Amino acid sequence: ALDFESKRTHNVVVEAVNKHVDPRFSELGSFRDQTIVRVSVTDTDEPPVFHPAEGAILEVQEDARLGALVGTVTAKDPDMENAPVRYSIDWSTDQEQIFHIDPVSGAITLGNILDRETAGWHNITVTAVEADNVSQISHSSVSIRILDVNDNPPELATPYEASICEDAKPGQLIHTISVVDRDEPQSGHRFYFTLAPEATNNRHFTLWDVKDNTAGIRTQRSGFNRHEQNVYLLPILVVDSGPPALSSTGTLTIHVCGCDPEGAIQSCNATAYAISASLSPGALIALLVCMLILIVLVLLILTLKRHRKGQSMSEDEEDMRDNVIKYNDEGGGEQDTQAYDMSTLRNLFDFPEAKSGSSESGPDLRTLPQWFQGRMSGDGGTADFSLFKGYILKKVEQADADLSVPPYDSFQTYAFEGTSSPALSLSSIHTLSTTSEQDFSYLSDWGPRFRQLAGYYTTGHPEEDGS
């Protein structure tokens with residue numbers, strides 16, 4: 001391959017030889033000749049060339065900050081010394097934009113947080129293009145290795161569970177545990193085991209560090225009673241070698257079981273009991289959330305009840321119907337003015353017609369119904385019920401014309417005493433008649449309580465006795 005930048009001309013010696021010479025002319029010479037051919041190489045525009053050409057390998061710490069320098073790539077234009085080159089990262093090889101590159105210097109910096117446990121290597125493609133001719137492009141692969149940092153604590157390999165018999169002996173090995181660590185320290189793993197501080201004073205179990213990244217759990221006393229306590233939760237603290245040293249706490253669940261004489265487990269209960277009486281933060285948060293949910297439900301129920309009660313009260317207040325009240329009390333006579341307002345009873349029959357009528361003779365008829373006034377005025381025969389009809393119509397007209405009353409109908413009951421009672425009627429209205437032959441003068445001798453009644457049945461004026 002020719003390279004204008006390394007050697008622009010080449011000199012080639014060309015020799016011509018006659019291999020079939022006539023022996024008669026061999027003495028004339030060697031029949032051989034040479035000439036020099038000079039070859040000139042013409043320059044052509046070539047894309048930038050990366051150094052090293054096979055690609056770069058860079059390294060960066062896992063805990064590097066954003067903007068930290070990862071490394072620098074270099075590409076040059078072979079046609080012209082110090083020709084400007086522009087760099088970029090192929091987005092298809094770095095879709096998460098973890099790395100950035102300076103377009104002029106080619107310096108690669110960190111654009112996102114790294115996690116070696118998620119991805120230990122990143123392979124990206126860097127593009128170089130001539131600034132004066134963008135059609136001249138070259139590519140180079142860059143491999144970036146993430147160096148591990150101890151940022152993950154060790155953890156128990158599995159949620160360990162163990163079972164012991166009620167008649168276990170002291171020093172008996174219950175279970176062997178191991179741990180895992182997501183980190184990859186350069187010097188290898190080294191873990192240390194111990195009981196958590198809240199379980200160091202327990203008198204039931206001990207922990208034995210085997211020094212090969214495993215630990216064993218042994219019984220410390222003899223005899224267990226599963227009816228008193230059937231499950232033990234033993235917290236174990238695991239620490240790695242760092243740096244910095246990280247730790248975590250795991251739990252070993254130990255079940256106390258009933259066994260046969262040969263030591264085979266028969267049955268185990270499942271009620272949990274923790275050596276440490278303290279609750280974890282997660283359990284406390286869950287308990288508080290449950291309490292808040294219950295409080296919200298209670299407040300919601302009380303609010304709904306109060307809302308329904310308010311609606312029912314508003315419906316009762318909007319009920320505009322009148323109540324019909326029945327009075328079944330027996331009065332003390334007309335002289336008993338304490339029980340009822342007598343003027344109210346009289347005003348019930350106070351009609352405009354009675355007020356405007358003549359009252360020159362006879363008793364004052366303003367406090368009596370019109371049909372009774374007619375009978376007291378000497379009208380014989382049965383009552384004229386057309387007066388009732390007129391009376392009711394007048395009352396309706398008065399109610400319709402009165403703007404002060406509420407806009408709803410009133411309910412009134414008009415009752416009349418019958419005439420078919422086996423006992424004689426005590427009503428003065430029924431017995432009053434101009435043709436009556438009875439003498440009621442003896443009523444004046446019955447006392448002051450019958451004075452008003454006697455006034456209606458004797459000739460004369462009732463006002464003289466007072467009413």
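Modeller: A disulfide here is a pair of cysteine sulfur atoms within 2.5 Å. This is a predicted model, where local features need pLDDT of at least 70, side-chain atom pairs count only at pLDDT 80 or more, and totals for chains, interfaces and linings use all residues. Residues are numbered from 1 along each chain as its sequence is written, and side-chain values use heavy atoms, without hydrogens or water.

Colleague: How many disulfides by this rule?
Modeller: Two. Counting bonded cysteines along the chain, the pattern is 1-3, 2-4.

Colleague: How far apart are the sulfur atoms of Cys165 and Cys259?
Modeller: They sit 2.0 Å apart. The link is left-handed, with -90 degrees about the S-S bond. Cys165 is in strand β13 (residues 161-165) and Cys259 in strand β19 (residues 247-259), 94 residues apart. Strands are DSSP runs of E, at least two residues, numbered from the N terminus.

Colleague: And Cys257, buried or exposed?
Modeller: Buried, at 0% relative accessibility. Buried means under 20% relative accessible area, exposed over 50%, partly exposed in between (1.4 Å probe, protein chains only). Its disulfide partner is Cys268, which is partly exposed at 36%.

Colleague: Why is that disulfide of Cys257 and Cys268 called right-handed?
Modeller: Because the torsion about its S-S bond is about 105 degrees.

Colleague: New topic. Which residues form the covered face of strand β7?
Modeller: Val85, Tyr87 and Ile89. Arg86 and Ser88 are on the uncovered face.

Colleague: What stands opposite Val85?
Modeller: Glu130, in β10. Five bridges join β7 to β10, and the two run antiparallel. Strands pair if DSSP finds at least two bridges between them.

Conventions:
Helix = DSSP H or I, 4+ residues; strand = E, 2+ residues; numbered from the N terminus.
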